[in-house]
Amino acid sequence: MKSKKSLPNGDPIIAVLVFSCNRITVQRCLDQLINLRPSAVQFPIVVSQDCEHQQTAEVISKYGDKILHIRQPDQSDIDIPPKEKKFKGYFKIARHYGWALNQVFFELGYETAIIVEDDLDIAPDFFEYFLGTYPLLVSDRSLWCVSAWNDNGKSGLVDEHAPHLLYRTDFFPGLGWMLTRQLWQELAPKWPKSYWDDWIRQPEQRKNRACIRPEISRTRTFGKIGVSNGLFFEKHLKFIKLNEKSVPFTKMNLTYLLKDNYDVSFMNEVYHSTVITYSELKSGHIIIPGPVRILYYTRLSYKNTAKMLGLMDDFKSGVPRTGYRGVVTFFYNSRRVHLAPATNWSGYDITWS
């Protein structure tokens, strides 16, 4: 199998893998991907369909040779533990993911892929974002993905004047994310039967690796109806801000995101910032300039503060959403804020879940 790695000029070829099932709104997602991609050769679109839903298949087939339409062949019933019958959808999704990623990396021979689900809107600079961060993903072994998503990216929690800002995070964000064949070769043999995104967040898979995520999301979900039944949608997801202003990432120096550079400057900024309380932040009467820090010591104190601030307050395998070395960074009342553990923090506690 000839590897599809780069164009004659050396630019990377990055496949876009779109997961679809039974939503004809996949058209909204595909229209954006096709209209915004800078090159069909550089960003081939593979739509993988599960569920054998005829109307959805017809919508996809209308795109002709602008995309490659593949179908998950195994529609057999899945053996599910009785207690988890109502979560059947998650088992089907994991099976579909495993099959489609095998197709893209092992059958079609792509080296890199961006994963998109059929209910995502994308920002005007979606492709520029992934092209700009691609060299970091392939050169920094401490990174294992680049995500277009900020879990706490609601209006009012992001700096709308800083769409160029990017971060490292220990929390796997998903929702429009890029991975390499090398990572898939590692994950494929042990791919789980269900709940793949929670599984991927476990320490055994993450192995202390980080993802890159943006200040302002480059994707937004419009899929209120799905396997998770709109669980977070009304409370949270519908408020995520989608970036509107294009940033020329490929022309920027992003080496500040490499681990050795980032850890020093990030930890310096966090732990040299002034400690304040939630009520001081809320009042907006802080005189000192620059970033500030709110401390948390226990799982409960983290959750309480996160709730009051409108941040997502859950943990997966002990890691809070967007957390990096225990620190959750956001923007509030025109100020950069770090919700941070004590300086002697020594790692995530897996019981904080």
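This tour moves from the whole chain to its disulfides and then to one glycine.

**Before selecting anything**

The model is predicted, so local features need pLDDT of at least 70 and side-chain atom pairs count only at pLDDT 80 or more, while totals for chains, interfaces and linings use all residues. Residues are numbered from 1 along each chain as its sequence is written, and side-chain values use heavy atoms, with hydrogens and water left out.

**Stop 1: the whole chain**

Along its principal axes, the C-alpha trace of the protein chain spans about 60 × 55 × 35 Å. The radius of gyration of the protein chain is 20 Å, which agrees with the value near 20 Å for a compact globule of 353 residues. This radius is taken over C-alpha atoms, and the globule rule is 2.2 Å times the number of residues to the power 0.38.

Next, show the surface. The protein chain exposes about 16300 Å², and carbon and sulfur atoms supply 53% of that area; accessible areas come from the Shrake-Rupley method with a 1.4 Å probe. Of the 353 residues, 54% count as buried. Buried means under 20% relative accessible area, exposed means over 50%, and partly exposed lies in between (1.4 Å probe, protein chains only).

**Stop 2**

How many disulfides does a search of the whole structure find? The search finds 2, a disulfide being a pair of cysteine sulfur atoms within 2.5 Å. Select cysteine 21 and cysteine 51, which are joined by a disulfide with an S to S distance of 1.7 Å. This pair links distant parts of the chain, 30 residues apart: cysteine 21 is in the loop between strand S1 (15–20) and helix H1 (26–36), and cysteine 51 is in the loop between strand S2 (45–49) and helix H2 (54–61). The link is left-handed, with -100 degrees about the S-S bond. Cysteine 21 counts as partly exposed at 22% relative accessibility, and cysteine 51 is partly exposed with a relative accessible area of 30%.

**Stop 3: cysteine 145 and cysteine 211**

Now select cysteine 145 and cysteine 211, which form a disulfide with sulfur atoms 2.2 Å apart. Cysteine 145 lies in strand S6 (residues 143–147) and cysteine 211 in strand S9 (residues 210–214), so the pair ties together parts that are 66 residues apart in sequence. The torsion about their S-S bond is about 115 degrees, so this disulfide is right-handed. Are these two cysteines buried or exposed? Cysteine 145 and cysteine 211 are both buried.

**Stop 4: cysteine 29**

Select cysteine 29, which is buried with a relative accessible area of 1%.

**Stop 5: glycine 176**

Finally, select glycine 176, in the loop between strand S7 (166–169) and strand S8 (177–180). Glycine 176 counts as buried, at 2% relative accessibility. Leaving aside neighbours within four places in sequence, its contacts (heavy atoms within 4.5 Å) include Ile115, Phe130, Val146 and Thr219. To end the tour, select arginine 218: its C-alpha atom is separated by 8.1 Å from that of glycine 176, although these residues are 42 residues apart along the chain.

Definitions and conventions: Helix = DSSP H or I, 4+ residues; strand = E, 2+ residues; numbered from the N terminus.
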